[in-house]
Amino acid sequence: MKNINNLFFDRESPAGRIVRGLAAFGAATAGQLAKSTGLGRSTISAVLSDLRDAGAVLDVEAKTNGQGRPSQLLSLNPASGRCAGVLLGLGEIRIVICDMTHAVLSDVWIPIRRDYTPEEAADQVRESLQTQCAPLGLAIGDLLGVGVAISAPLSYGGRVLNGDILPGWAGVDLAEIFSKRLDCPLHAENESHCGALAEMTWGAAVGESDFVLYKFDLGVGGAIVRDGTVLRGVSGSAAEFGHVVLEPEGRYCRCGNRGCLQTYVGGYYLLRHAEELSGGPVTIEQFIDRAREGRIGYRRLVEDAATKAGWGMGMTATMINPPLFIIAGKLATIGPSFLEPLERSFRRTMLPQPDLPGLQTPRLAVARFLGNDDTVMGAVALVLRQHGRIAEGKTPASL
Ligand SMILES: [Zn+2]
C-alpha cells in the first residue's frame with residue numbers, strides 16, 4: 001500500500017491536499033474535496049485514481065440525497081496512519097488513538113491528582129501511549145502526530161499563558177516537556193479551541209466555515225472560526241470570552257482581572273452560591289441536576305447566569321456578526337431554563353436587525369459534544385487538520 005506519510009505532511013501538492021482533506025473529513029465525496037481544497041474536479045479525479053490504485057484510498061459507500069445519481073464516498077485506508085488525542089484535564093488525563101477514518105481504536109481515562117506537574121503528565125502520557133500503541137503494532141514514533149488539549153490559553157510556541165485551571169502551569173513550555181518524551185509531531189491547543197475543531201469535524205458545525213463557540217463549564221471559554229480556521233490572535237489567547245470584562249469594579253477573577261463574564265456565569269461562581277444554599281459541597285453534576293429539577297434557589301441563579309451569558313454573546317454578535325453560535329459546555333445540559341433566558345438576552349443585546357425578508361441573523365445551536373469528549377476528540381482533530389503544531393518530532397518513515 002502506498003505510504004501516505006509524506007503526502008500527509010505535504011502542504012502544497014494536489015495529492016497532499018487531497019490526503020489532508022480526507023483525513024479532516026474521515027469520509028468525503030469528490031465534490032466535498034473540490035470545495036475544501038479548491039482543486040479542479042479533473043485534478044481530483046486523477047489524483048484519487050492514483051491513490052486508489054495504490055491502496056491508500058478506498059471507496060466506502062455511496063451517499064444519496066434522494067435525488068439524482070448517488071455520490072461515491074471515499075476515505076483513506078484506515079491502516080494508512082494513526083494519531084492520538086490527549087486531554088490534560090482537572091484531575092484526569094484521557095488519551096484516544098484514532099485511525100484515518102476517525103474510528104477510535106483505543107480510549108483510556110487516567111485519574112490523577114489535581115495538582116499534577118507538567119513532567120508527571122508527560123511521563124504518564126508516554127507510558128500510556130506505549131501501552132495503547134503496542135497491541136496495534138505501533139510505536140509512538142509511528143503516529144502521524146499527538147494532539148494535546150489543555151485548559152489554558154497557549155502561545156504559538158506551546159507555552160502555557162495562564163494557570164487558571166492548572167495552577168503552577170503558567171509559563172510552562174509544553175513543547176519542550178512533551179517533545180522530549182514523544183518522538184512524533186506534537187500539536188497543542190486550549191480546550192475550547194479543540195471543542196470547536198471537534199464540532200467542525202463531527203458535531204454541530206459540520207460544513208460550517210464561520211462560527212463562534214461559547215463554552216460554559218467550570219470556566220467560560222470559546223473559539224472564533226473564520227474560513228475554517230480557529231483564530232488564535234497575536235499571542236494565542238483569542239476568544240477567551242470568559243475574561244471579557246462586564247464590570248471593571250466587579251468581583252476578582254481567577255485570571256487576575258475583575259468583573260469578567262466568568263465571574264457571573266462560570267461553574268466555579270455558581271457552585272459557590274449553590275454551596276451556600278445547600279450548606280455543603282456541590283459538584284457541577286449535582287448543580288446541573290438540581291437546576292434541571294428547577295429547585296428554588298437554583299431558578300434565579302441559573303436565569304441570572306444565562307442572562308449574563310447571552311449578554312456576552314450579544315456583544316460578540318454585534319462585533320463580528322457570525323452566521324452561527326454554538327453553545328457548548330456542561331451548563332448547556334441544564335436545558336431550557338439556561339438556554340431560553342440566554343437566547344432572550346442574546347437577541348436583546350445584539351445590534352437590532354431590520355425586519356427584511358431573507359435577511360439572515362445569527363443562529364444559535366447547542367453543541368453535539370457536551371462532556372469532555374469534545375476536548376479529547378478535538379485534540380485528535382488538531383492532528384487530522386494539522387492545527388496548532390508546537391513541535392516537529394520525527395516524521396514517520398513508514399507505517
Ligand atoms: Zn478573568
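**Close-up views of a predicted model**

View 1. Four bridges connect E11 with strand E12 (residues 363-366), and the two run parallel. Phe 325 has Leu 364 of E12 as its bridge partner. Between E11 and E12 the chain passes through helix H12 (residues 336-349), a right-handed β-α-β crossover. Strand E8 (residues 211-216) also runs parallel to E11, joined by four bridges. Here Lys 215 is partnered with Ala 328 of E11.

**View 2. Side chains of strand E11.** Leu 324, Ile 326 and Ala 328 point one way, Phe 325 and Ile 327 the other. In a regular strand, side chains alternate between the two faces of the sheet. Five of the five residues in E11 (residues 324-328) are buried, so the strand is largely enclosed by the rest of the structure.

View 3. Asp 107 and Arg 94 meet through their side chains at 2.9 Å, N to O. Asp 107 sits in E5 (residues 104-111) and Arg 94 in E4 (residues 92-99), 13 residues apart. Arg 94 is buried, because its relative accessible area of 11% is under 20%. Asp 107 is partly exposed at 41%. A salt-bridge network links Arg 94, Asp 107 and Asp 373.

View 4. Glu 343 pairs with Arg 347, with the closest N and O atoms 3.1 Å apart. Both lie in H12, four residues apart, about one turn of the helix. Glu 343 is partly exposed at 33% relative accessibility. Arg 347 is partly exposed, at 33%.

**View 5. The Glu 120 and Arg 113 salt bridge.** Their side chains meet at 3.1 Å, N to O. Glu 120 is partly exposed at 31% relative accessibility. Arg 113 is partly exposed at 45%. The structure holds 19 salt bridges.

Conventions: Residues are numbered from 1 along each chain as its sequence is written. This is a predicted model: local features need pLDDT of at least 70, side-chain atom pairs count only at pLDDT 80 or more; totals for chains, interfaces and linings use all residues. Side-chain values use heavy atoms; hydrogens and water are left out. Buried means under 20% relative accessible area, exposed over 50%, partly exposed in between (1.4 Å probe, protein chains only). Two strands pair if DSSP finds at least two bridges between them. A crossover is right-handed if, with the strands pointing away from the viewer, the path from the first strand over the helix to the second runs clockwise. A salt bridge is a side-chain nitrogen of Lys or Arg within 4 Å of a carboxyl oxygen of Asp or Glu.
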